[in-house]
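Have the model open while you read.

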Amino acid sequence: MLMNSPSHGPLRDDGPSLNVAGRGRNRSVITAVPAVMIALGLSMPPAEAEEGAGLESCVRIALANNADFFVAQKDADLNRARARIATLQLFPAAALKAEETRGRADELNGTPSFVERLYGVQATQTLFQGGHRWATQRQARTKADIGSLEVARQRNLLIFQVEEAYWRLSALENAKAAYRETSLALQDSLEKAARHELSDSPRARIEILSTRAQNRECEVALAETEEAILQARSRLLDLLGQNLPSFPADPLPDVKKLSAEEDECLRLGRAHRPEPALAEKEARAAEWGRLAGRSALYPKVDLHGFYGRSGAAYDQSEPFHYQRDWNAGVRASWVFLGNTGGYSSSKEKTSPKLGESSRTETQTQALRLSFADAFGPSLDNAEAQKAHWLGQRRLEKTRRHTDEDIRLTCRKLENAWKKTQSAQARLEQAQQEFTDTRYLLQEDKAHLGDIAAAVNRVGSARADLSEARANYRIAVADLNRAIGIPGHFKTEGDLKE
């Protein structure tokens, strides 16, 4: 399980107090810049997200509207319907049958009008087909299970993708706010440096050039961030399957170190992740497909029959009445050396047709041999054998890759934490450099360009810390995806489902 490490406290980005008391020519310049701008909002509380635009809402919207997830659900429904159809095919195929034949009178030849009627039940049942129907039914049921597992896999992946896109967009929005505050502070410094340039002193010229360069660097960073926001927003909207009016930056609060025991994650992944179970079911379906394909090489025996009543009579001269009517038969076929042999036998007892004076009872037997018409079943059997072999290899590969993915994700979580610590350290360093530069400015040992560079570094460090914190949350979401349990591991401040 993820545990809070006692040796690591929460990361904080609170900066030092920046009330500046300078002296000399630069004192009025620095005090004129609002401290909150110079601090770049280091202690600024994040804006609350609008209702309905949070992570929970995004996940619900994606599960309801995402096209890939919808298709997976429909495929699962179709597979369950196919399984029901395959189960019904194990039972006899029955049909109600009714016929009527009428003949009109031929006045010239003296043929009277007549009528023939028949009704009853007809049925067909396969007695033996090398296990084809049973294997087909089991394969269809296995594919129904595959459909359900595919839905679970798509859901697990979709939740991770939404969390990843959401936190990345939130980090970019926070970075955009940091760069905007930096730009405002640099614009103010640039205006002051422009006034100093009127003095034509070498130091004033250096100030204006340095401050302008820092301002342009900030503008480039802001423009790149806005471009990345458009891409991230588009990615999130694609996952949600619909357009929403706005996505305010979600707060990225302090995070504490979380440690995941690799052995525990492996146990959870093997028990809950859909991919191994999915590969196992696919291998099993391929096994049933192999049995179904091989069954074509065995004999096939079918029974068929009819039971009902029938009768026939001339309209003018005979009364119409029904008599018992039935037939039964067996058909057998088998494949050998690319040829097909067949045998059939049937017996029938029916009411006499017109012109017959007694009831009709017949028995028929037939043999049939077709040449070079049965290479297709052999080819289908070979294809099924190949699919079975591939299914076994895919199962072994999936199990191995699942364990490797979980181990790699645990490493990524550790690295994400280290990068978060590094980003925090760079922010603290930038804050300290700003403080040092401020005091150097008071001693006339620094100029506005140095302050602008320090302000720019603080703004960049804030943006980097937002990105690092978002990446850490993404790493936790990725670990939940790897073990197959969305929301199992949570970081402090994360929304609960």
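**Notes on helix packing and a pocket**

1. Helix 9 (residues 375–442) and helix 10 (residues 448–483) have axes that come within 8 Å and cross at roughly 165°. This is a predicted model, where local features need pLDDT of at least 70 and side-chain atom pairs count only at pLDDT 80 or more, while totals for chains, interfaces and linings use all residues. Residues are numbered from 1 along each chain as its sequence is written, and side-chain values use heavy atoms, leaving out hydrogens and water.

2. On that angle, helix 9 and helix 10 are therefore roughly antiparallel (over 145 degrees; under 35 is roughly parallel, 65 to 115 roughly perpendicular, and the rest oblique). Axes here are lines fitted to C-alpha atoms, for helices over the stretch in contact, with angles from 0 to 180 degrees between N-to-C directions. Helices are DSSP runs of H or I with at least four residues, numbered from the N terminus.

3. Helix 9 passes helix 10 in a left-handed crossing (near helix turned anticlockwise from the far one by less than a right angle; clockwise is right-handed). Their contact has 23 nonpolar, six polar and 13 charged residues. For the classes, Ala, Val, Leu, Ile, Met, Phe, Trp, Tyr, Cys and Pro count as nonpolar, Asp, Glu, Lys and Arg as charged, and the others, Gly among them, as polar.

4. How do helix 7 and helix 9 cross? The axes of helix 7 (residues 262–272) and helix 9 come within 10 Å, at roughly 140°, so the two are oblique to each other. This crossing is right-handed. On the helix 7 side are E262, C265, L266, G269 and R270, meeting D403, I406, R407, C410 and R411 in helix 9 (contact means heavy atoms within 4.5 Å). By class that gives four nonpolar, one polar and five charged residues.

5. Helix 7 also packs on helix 10: the axes come within 7 Å and cross at roughly 50°, which makes the pair oblique. C265, L268, G269 and H272 of helix 7 touch L479, A482 and I483 of helix 10. There are five nonpolar residues in this contact, two polar and no charged.

6. Now the second largest pocket. Its lining has 16 residues, with R168, A171, L172, A228 and E467 nearest the centre. Helix 5 (132–197), helix 6 (202–240) and helix 10 each supply at least two lining residues, and the largest share, seven residues, comes from helix 5. The lining divides into nine nonpolar, two polar and five charged residues.

Conventions: 1 Å grid on protein atoms, 1.4 Å probe; cavity = no way out; pocket = protein on both sides within 12 Å on 5 of 7 lines; lining within 4 Å.
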